[in-house]
Amino acid sequence: MGEPNFADKTLWTGDNLDILRGMNSECVDLIYLDPPFNSNRTYEAPVGSRAAGAAFKDAWTLSDLDVAWMGLIADEHPALYSVIESAGLAHGKSMQSYLCMMAIRLLEMYRVLKETGSIYLHCDPTASHYLKALLDTIFGSDCFRSEIIWKRSSAHSDGRQGRKQHGRIHDSILFYTKSDRWTWNTVYTPYDSDYVERFYRHTEPETGRRYRLGDLTGPGGAAKGNPEYEVLGVTRHWRYSEERMAELIDMGRIIQSRPGSVPAYKRYLDEMPGVPLQDIWIDVRPIAAHAKERIGFPTQKPVALLERIITSSSDPGDLILDPFCGCATACVSAESLGRRWAGIDLSSKAADLVNIRLQETMGDLFHHGYVTARTDIPKRTDIEAPVHYRKNAHVLFGQQEGRCNGCRTEFPFRMFDVDHVIPVSRGGTDHPSNLQLLCAHCNRTKGNRPQEYLIARLVEQGLLSHTHASIQPFA
Ligand SMILES: C[S@@+](CC[C@H](N)C(=O)[O-])C[C@H]1O[C@@H](n2cnc3c(N)ncnc32)[C@H](O)[C@@H]1O
Ligand SMILES: [Zn+2]
């Protein structure tokens with residue numbers, strides 16, 4: 001398992017792709033993400049353009065970026081490519097572009113998650129079916145655990161009825177684990193009143209405690225090899241040993257409704273844990289207009305929702321990451337549950353809000369410096385660069401079969417430069433998997449920018465066709 005290369009309680013302002021790329025592998029126990037998913041078709045524009053980075057924001061159109069990302073995905077993850085492409089055919093370009101943005105980030109989230117880790121992707125029916133297909137491809141369909149339906153608002157009559165369709169009042173939260181060994185704590189919810197009325201029919205007059213009667217003759221009294229013996233005048237193969245039955249009688253846990261009737265076990269309602277949490281959540285209320293926790297962030301989620309997720313899928317001391325943290329409900333909840341945490345958001349407003357929020361909810365604890373606010377990309381400490389990166393040139397030349405990894409043209413060895421696929425300034429490392437050979441033209445064009453940029457430019461310049469657009473041909 002990896003060690004995180006960042007401090008507990010870190011809040012980044014920046015694009016989560018860059019920051020995730022700089023994080024050590026397998027160092028996070030639980031990821032909750034609530035990406036933009038709801039707006040009709042423009043969500044990808046700000047995300048995409050910022051993802052490209054301020055330096056070349058203007059030079060890029062969204063489709064350029066997509067071509068480069070699709071190139072990366074096609075080369076290394078063909079199944080993922082097919083999923084995104086089909087979504088594009090079924091739903092349109094905007095969905096394809098949104099899924100590209102998500103896929104490239106989900107791949108990094110998969111990498112930073114520990115073997116025992118879990119991920120919860122909060123979305124709604126606009127894209128949940130496509131996102132599930134992405135997750136099936138990245139995490140494996142056998143690592144799908146549940147789709148939680150969260151009733152996020154009460155019934156509304158906002159004109160949808162006029163549109164002849166059912167009111168849309170739920171979100172979907174897709175829960176996947178990285179392997180078949182994941183952290184799990186069963187969360188219980190109270191029994192509903194119908195269930196209590198039906199099964200806990202008796203009330204103890206002295207205490208008012210509700211209870212139900214349980215059978216003491218089965219299962220398995222005889223099968224366990226318990227001999228027949230007499231309890232309160234009735235002879236049976238009892239479930240427990242004679243000594244244990246005597247103890248239960250002393251404790252007042254065995255009652256007989258009338259002399260001669262079969263004794264039964266008294267099970268109190270207040271001793272039962274409740275119902276294990278199911279996958280439909282209607283008891284976590286949306287944040288009311290005047291709720292104390294409301295901070296004015298448009299897509300703020302209730303703390304109770306996050307507490308439930310964090311309690312189920314992590315232990316105290318575990319590290320929780322929210323890469324689209326908004327006003328950081330996940331971080332605040334993680335803090336109150338004794339977990340370590342980190343959050344990332346594009347907007348610097350998020351960091352400001354969190355500071356205010358943590359001070360409000362946690363008081364003095366959050367004195368200056370308690371939370372680390374960062375904008376720089378972390379530098380990975382879990383991969384060693386055994387040799388100076390330039391020494392890899394011959395190996396790379398062989399791997400690339402003498403072709404430039406940008407324009408794909410063949411050149412003699414001396415014409416190549418060794419380049420970082422993800423620049424060091426953006427969290428890239430000297431590890432051979434992050435190195436490539438570029439011809440002088442490609443190297444100049446790329447400069448100190450990620451490979452996506454180069455590919456998009458080459459396609460634009462007509463030096464590379466869409467179908468050949470690729471970023472990293474080898475692992
Ligand atoms: C739906 S909100 C999250 C709300 C959050 N769960 C809460 O309770 O406050 C989505 C957030 O993702 C952020 N975001 C969008 N694209 C991003 C990116 N590429 N990197 C980091 N944050 C991003 C937006 O600024 C927005 O705050
Ligand atoms: Zn080239």
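Start by selecting Arg340, which lies in strand S16 (residues 340–345); helices (H or I, at least four residues) and strands (E, at least two) are DSSP runs, numbered from the N terminus. Before you zoom in, note that this is a predicted model, in which local features need pLDDT of at least 70, side-chain atom pairs count only at pLDDT 80 or more, and totals for chains, interfaces and linings use all residues. Residues are numbered from 1 along each chain as its sequence is written, while chains are lettered from A and ligands numbered from 1 in the order in which they are written.

**Stop 1: around Arg340**

Is Arg340 buried or exposed? Arg340 is buried, because 20 other C-beta atoms lie within 10 Å. The cut-offs are these: a residue is buried if 20 or more other C-beta atoms lie within 10 Å of its own, exposed if 12 or fewer, and partly exposed in between, with C-beta atoms placed from the backbone.

Two residues are in contact if their C-beta atoms, placed from the backbone, lie within 7 Å. Then pick Asp29: Asp29 and Arg340 are 311 residues apart in sequence, yet 9.7 Å apart in space, C-alpha to C-alpha.

**Stop 2: helix H10**

Select residues 329–336 to see helix H10, which is mostly covered, with 7 of its 8 residues buried. The buried ones are Thr329, Ala330, Cys331, Val332, Ser333, Ala334 and Glu335. After H10 comes Gly338, and its phi is positive, near 75 degrees.

**Stop 3**

Most residues other than glycine have a negative phi. Click on Lys9, in the segment before strand S1 (10–13), and you will find a positive phi, near 60 degrees, in a residue other than glycine. Lys9 counts as buried because it has 20 C-beta neighbours inside 10 Å.

Next, go to Leu232, in the loop between strand S9 (228–231) and strand S10 (234–237). Phi of Leu232 is also positive, near 45 degrees. Leu232 has 14 other C-beta atoms within 10 Å, so Leu232 is partly exposed.

**Stop 4**

Two packed helices are described by the angle between their axes and the distance between the axes. Axes are lines fitted to C-alpha atoms, for helices over the stretch in contact, and angles run from 0 to 180 degrees between N-to-C directions.

Show H4 (residues 78–91) and H6 (residues 128–139): they pack at an angle of about 170 degrees, with their axes 9 Å apart. That makes H4 roughly antiparallel to H6, a label for angles over 145 degrees. To see where they meet, select Ala79, Leu80, Val83 and Ala87 of H4, with Tyr130, Ala133, Leu134, Thr137 and Ile138 of H6. By class, this contact has 8 nonpolar, 1 polar and no charged residues. Here Ala, Val, Leu, Ile, Met, Phe, Trp, Tyr, Cys and Pro count as nonpolar, Asp, Glu, Lys and Arg as charged, and the others, Gly among them, as polar.

Now bring in H5 (residues 93–112). The axes of H4 and H5 come within 7 Å and cross at roughly 155 degrees, which means that H4 is roughly antiparallel to H5. Leu80, Ile84, Ala87, Gly88 and His91 in H4 meet Lys93, Met95, Gln96, Leu99, Cys100 and Ala103 in H5. This contact of H4 with H5 has 7 nonpolar, 3 polar and 1 charged residues.

Finally, turn to H5 and H6, which pack at an angle of about 35 degrees, with their axes 10 Å apart. Among the residues in contact are Leu99, Met102 and Ala103 of H5 and Leu131, Leu134 and Leu135 of H6. What classes do the residues of this contact divide into? The contact of H5 with H6 has 13 nonpolar, no polar and no charged residues.

**Stop 5: the nonpolar cores**

Which residues touch the most other members of the largest nonpolar core? Ala103 and Leu134 do, in a core of 77 residues. A nonpolar core is a set of buried Ala, Val, Leu, Ile, Met, Phe, Trp, Tyr and Cys residues joined through C-beta atoms within 7 Å. Helix H5 gives the most to this core, with 12 residues. Apart from this core lies another, of 16 residues, among them Phe416, Val421, Leu438 and Ile455.

Terms used
Angles under 35 degrees count as roughly parallel, over 145 as roughly antiparallel, 65 to 115 as roughly perpendicular and the rest as oblique.
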